[in-house]
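Below is a short note on the model, written as numbered points. Please read it with the structure open.

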Amino acid sequence: MIPSERLGQLSVVCVLGASVMFSLNDVSVKWLSGGYPLHQIVLMRALIALVITLSIAVPLEGGWERLRTRRPMMHVLRGLCVVIANMAFFCSIVVVSLAEATAIFFVAPLLITGFSAVFLKEPVGIRRWLALTIGFVGVLVIVQPGAVSFQWAVLLPVVAAVAYATLHTLTRNMGLSERASTMALYIQLTFIVVCSGMGLAFGDGRFAGTGNPALEFLFRAWQWPLVHDWPVIALTGIFSAAGGYLISQAYRLGEAGLVAPFEYTVLVLAVIWGYVIWDELPDTLSAFGILLILGSGVFVAVRETRFGVGPSARRISGRR
């Protein structure tokens with residue numbers, strides 16, 4: 001029997017590892033976004049991640065029989081929500097800076113709190129409602145809907161956050177009954193099915209030529225990857241599989257309130273990668289909005305710890 005303190009430490013290590021994997025996955029997809037359609041990148045990533053999950057994660061958790069589930073429809077719904085979150089987020093980062101898109105997406109934990117209160121009737125005090133409001137103010141500060149330079153693509157991370165929050169509101173306690181490898185497997189299978197369908201529907205580029213970078217990323221024609229892009233494509237699969245598995249384990253082993261604040265490491269890394277690789281640096285107003293979202297999210301996580309939120313599936317295998 002592993003002591004609870006040890007489990008807590010392991011959960012923190014897992015969430016930090018997952019955050020690094022997720023941030024590198026975002027960088028890899030953005031790096032490939034100039035030459036390939038999004039659904040092709042995600043399909044190749046999912047195929048590689050599926051192989052890794054089946055060959056490594058499944059044996060570690062007890063073999064094929066552990067993949068059985070009594071909630072197949074819940075896995076399908078989770079998968080569809082993840083697909084929407086992925087497509088919306090990645091389409092946005094070809095227009096919006098990686099740091100700003102990531103910050104807006106991280107309003108999702110706040111949405112989960114609001115959705116849980118409204119739809120699951122979970123108690124949420126005035127302080128957490130206030131934190132949720134502050135987080136949305138942070139989003140508005142970054143989006144600047146009334147500005148002359150406003151672009152609709154900046155709303156895509158909001159769509160991704162809503163899909164993500166819907167996913168984890170539906171499966172709030174699913175992580176206690178499903179193994180990490182099982183949830184990771186069904187997520188990758190959903191990606192493969194949906195992205196294959198998108199490829200058959202418009203992979204020939206029939207809807208390309210819109211002139212909008214976000215739409216071009218989605219509707220661009222498929223092409224065989226260049227030799228020097230294959231290592232990056234392989235890394236997206238590795239990062240996706242490792243990140244999904246590690247975040248699953250983090251929320252299985254530790255309290256949600258302990259694990260959740262460390263997920264915001266992704267936001268810090270997004271600022272670093274954006275500056276180092278693409279010379280993207282948030283302006284003063286965007287930086288203020290990022291701090292509002294970061295502060296309100298961490299506050300909600302800490303408050304949930306005080307109110308006894310235990311291991312949860314709120315974010316399991318469902319990020320990117």
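1. Basis. This is a predicted model, in which local features need pLDDT of at least 70 and side-chain atom pairs count only at pLDDT 80 or more, while totals for chains, interfaces and linings use all residues. Residues are numbered from 1 along each chain as its sequence is written, and side-chain values use heavy atoms, with hydrogens and water left out.

2. Fold. The protein chain has 13 helices and zero strands. Both terms refer to DSSP runs numbered from the N terminus: H or I of at least four residues for helices, E of at least two for strands. Contacts (heavy atoms within 4.5 Å) with a separation of 6 or more come to 88% from residues 24 or more positions apart.

3. Surface and burial. Of the 320 residues, 56% count as buried; the classes are buried at under 20% relative accessible area, exposed at over 50%, and partly exposed in between (1.4 Å probe, protein chains only).

4. Core. A nonpolar core is here a set of buried Ala, Val, Leu, Ile, Met, Phe, Trp, Tyr and Cys residues joined through side-chain atoms within 4.5 Å. The largest one has 78 residues, and those with the most contacts inside it are L38, M87, F89, F90 and F191. Helix 3 (residues 72-92) gives the largest share of this core, nine residues. Not counting residues up to four places away in sequence, L38 touches V29, M87, F90, C91, F217 and L218.

5. V42, in helix 2 (residues 38-60), has a relative accessible area of 1% and is buried. Its contacts, leaving aside neighbours within four places in sequence, are M87, F191 and C195. V139 belongs to helix 6 (residues 126-143) and is buried at 7%. With neighbours within four places again left aside, V139 is in contact with I104, V107, V158 and I293. The C-alpha atoms of V139 and A101, 38 residues apart along the chain, are separated by 9.9 Å.

6. Cysteines. How many disulfides does the model hold? The count is zero, where a disulfide is a pair of cysteine sulfur atoms within 2.5 Å. C14 is buried, with a relative accessible area of 13%, and C81 is buried at 11%.

7. Aromatic pairs. Rings of Phe, Tyr and Trp (its six-membered ring) pair if their centres lie within 6.5 Å; planes under 30 degrees apart count as stacked, over 60 as edge-to-face and the rest as tilted. The structure holds nine such pairs. F89 and F90 form an edge-to-face pair, 5.6 Å centre to centre with 75° between the planes, and both are buried. The pair of F207 and F219 is also edge-to-face, because the ring centres are 5.8 Å apart and the planes stand at 65°. This pair links distant parts of the chain: F207 is in the loop between helix 8 (180-202) and helix 9 (213-219), and F219 is in helix 9, 12 residues apart. F207 is partly exposed at 45%, whereas F219 is buried at 18%. One aromatic cluster is formed by F89, F90, F105, F106, Y164 and Y264.

8. Charges over rings. The criterion is NZ of Lys or CZ of Arg within 6 Å of the ring centre and within 35 degrees of the ring normal. The charged end of K30 sits over the ring of W278, 5.2 Å from its centre. The charged end of R45 sits over the ring of F191, 5.1 Å from its centre.

9. Loop between helix 12 and helix 13. Most residues other than glycine have a negative phi. D279, in this loop, has a positive phi of about 55° although it is not a glycine, and D279 is exposed at 60%. L281 is in the loop between helix 12 (265-278) and helix 13 (284-306) and is exposed at 58%. L281 and A99 are 182 residues apart in sequence and 7.8 Å apart in space, C-alpha to C-alpha.
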